[in-house]
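Here is a short tour of a two-chain model for you to follow on screen. Please keep the sequence and the 3D view side by side as you read.

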Amino acid sequence: MMRLLAAAVLALSCTGIAHAAIDAYTFRDDAERARYSQLTRELRCPKCQNQDIADSNAPIAADLRKEIYRMLGEGQSNQQIIDFMVDRYGEFVRYKPELNAHTWLLWFGPAGLLLGGVLLIGVIVVRRRSPRAEEADVLSDEERQRLAHLLDKNHE
Amino acid sequence: MKRWVLLIPLVLFLGMAVFLYRGLYLDPSELPSALIDKPFPEFSLPAVQDGKPLTRADLLGKPALVNVWGTWCVACRVEHPVLTKLAQQGVVIYGVNYKDVNADALKWLKDFHDPYQLNINDEAGSLGLNLGVYGAPETFLIDRKGIIRYKHVGIIDETVWREKLAGLYQGLVDEDKP
C-alpha cells in the first residue's frame, strides 16, 4: 500500500515538472501562471486566425505572449491586458467578443434562429390541427340531414 | 393558405445565396484595423540611416504613407518598385523597419532605392505592436495631424494604389489646401 502511494506521489510530481518545462517563463505564483494560461487561450493569433496565441508558433503570437507576460509582471489586471490587445488588434483577437452593436448577431444569432424555428414549427402544428377539428365537430344543417339520411338508408 | 407564403423559401434561398456568394470573395485574413481615426502611436526610436532619434512629431505636417517593412519580408521586395515610383511622383512615404537587422536594412536601401523620407528602426517591434501589425508589409495612411485614416495589409501594387489609396491620399492633400 505504502509503495503504491509513493509511486502515485512520484507520478504526480513528474507531471508538475513536465508542465514547468513547457513554459519558458517563470511566474511569481500559480495564480499568475493560471492567468497567463487563461489569457493566452482567450486571445486569438491575428496572423494564424484559428489558433489561440498559446497554441501558435507564429512570431507575432510569441511577441504577444511576451507582452502578456510583461504586463502580468507589472501587475495589470486581465481586463487591462485584454483592452490593450483589443486597442491594437481590434475585437477580432478575442474569442469571446464584447457584446456591442457589431457583435450582437454573433451572440444572439444562433439562439434567435433556434427560437424562430421552434415558433415556426409551433405555428404549423397548431394550424394543421385546428381546421380538421372544426370540420369534424361542426356540420351544417344540410350536411346533418344528409348524414341522417345516409345512416337511415344503411339501417334499412 | 395565401399564395405569397409559398415564396418564402425562395426568398430565403436567394438571401442565403447572395450572402454566401459575397463570402466567396472576402479575404478572411484582412482584419479591420482598430486604429482607424486614432492618432499614430507615440514612439521614440532611432533612424535606420544615422541612428538619430525620431519621434511621432517627425511624421506630422503632411499627409503620408507609413510603410511597415523588413528585409526578411519577401512581399516587401515586390512592393518596393511601386513605392519608389510613388515617391518619385511626390507622395510622402515614411518607413518602419520592423524587426529587422539594421545593417541588412541599410544594404537593402543602398542596393535598391530608398523611397522613404524617414526610416524608423523598430528592431524590437515595439512600434509595430502598438500599430497592431501582424504581418509585413502593412501601410498606414496618416493625415498631417498624424491621425491614421486608412490601413492596407499586404502589397501595394498599381491597382491597390489606384483604386484604394490614391483617392484617399489626394483627399487628404486637398483638405490641407484652403
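What follows is a briefing on the model, grouped by topic.

This is a predicted model, in which local features need pLDDT of at least 70, side-chain atom pairs count only at pLDDT 80 or more, and totals for chains, interfaces and linings use all residues. Residues are numbered from 1 along each chain as its sequence is written, while chains are lettered from A and ligands numbered from 1 in the order in which they are written.

**Confidence**

- Chain B has a mean pLDDT of 89, with 98% of its residues at 70 or more; pLDDT is the predictor's confidence in each residue, from 0 to 100.
- For the complex, the predictor gives an ipTM of 0.77 and a pTM of 0.71.

- Chain A has six helices and zero strands; helices (H or I, at least four residues) and strands (E, at least two) are DSSP runs, numbered from the N terminus.
- Of the 156 residues in chain A, 12% are buried; a residue is buried if 20 or more other C-beta atoms lie within 10 Å of its own, exposed if 12 or fewer, and partly exposed in between, with C-beta atoms placed from the backbone.
- Contacts in chain A between residues at least 6 apart in sequence include 36% that join residues at least 24 apart; two residues are in contact if their C-beta atoms, placed from the backbone, lie within 7 Å.
- Between the chains, 12 residues of chain B are in contact with 12 residues of chain A.
- The chain B side of this contact divides into six nonpolar, six polar and no charged residues (Ala, Val, Leu, Ile, Met, Phe, Trp, Tyr, Cys and Pro count as nonpolar, Asp, Glu, Lys and Arg as charged, and the others, Gly among them, as polar).

**The sheet of chain B**

- Five strands of chain B form an open sheet with mixed pairing, in the order β5-β4-β3-β6-β7; two strands pair if DSSP finds at least two bridges between them.
- β5 (118-122) and β7 of chain B are at the edges with a single partner strand each, so one side of each has no neighbour in the sheet.
- From one strand to the next, the twist averages 20°; axes are lines fitted to C-alpha atoms, for helices over the stretch in contact, and angles run from 0 to 180 degrees between N-to-C directions.
- Helix α5 (residues 158-176) of chain B packs on the sheet and touches β6 and β7 of chain B, its direction making about 165° with that of β7(B).
- Strand β4 (residues 93-98) of chain B pairs with β5(B) in the parallel sense over five bridges, and N97(B) has N121(B) in β5(B) as its bridge partner.

**Strand β6 of chain B**

- Strand β6 (residues 138-142) of chain B has five of its five residues buried.
- E138(B), F140(B) and I142(B) point one way from β6(B), whereas T139(B) and L141(B) point the other way.
- β6(B) pairs with strand β3 (residues 64-69) of chain B in the antiparallel sense over five bridges.
- Five bridges also join β6(B) to strand β7 (residues 148-153) of chain B, again antiparallel, and K151(B) in β7(B) is the bridge partner of F140(B).
- The hairpin of β6(B) and β7(B) has five residues between the strands, and there G146(B) takes a positive phi near 85°.

**A closer look at E138(B)**

- Why does E138(B) count as buried? E138(B) is buried because there are 22 C-beta neighbours inside 10 Å.
- E138(B) stands opposite V68(B).
- Not counting residues up to four places away in sequence, E138(B) touches V68(B), V133(B), K151(B), H152(B) and V153(B).
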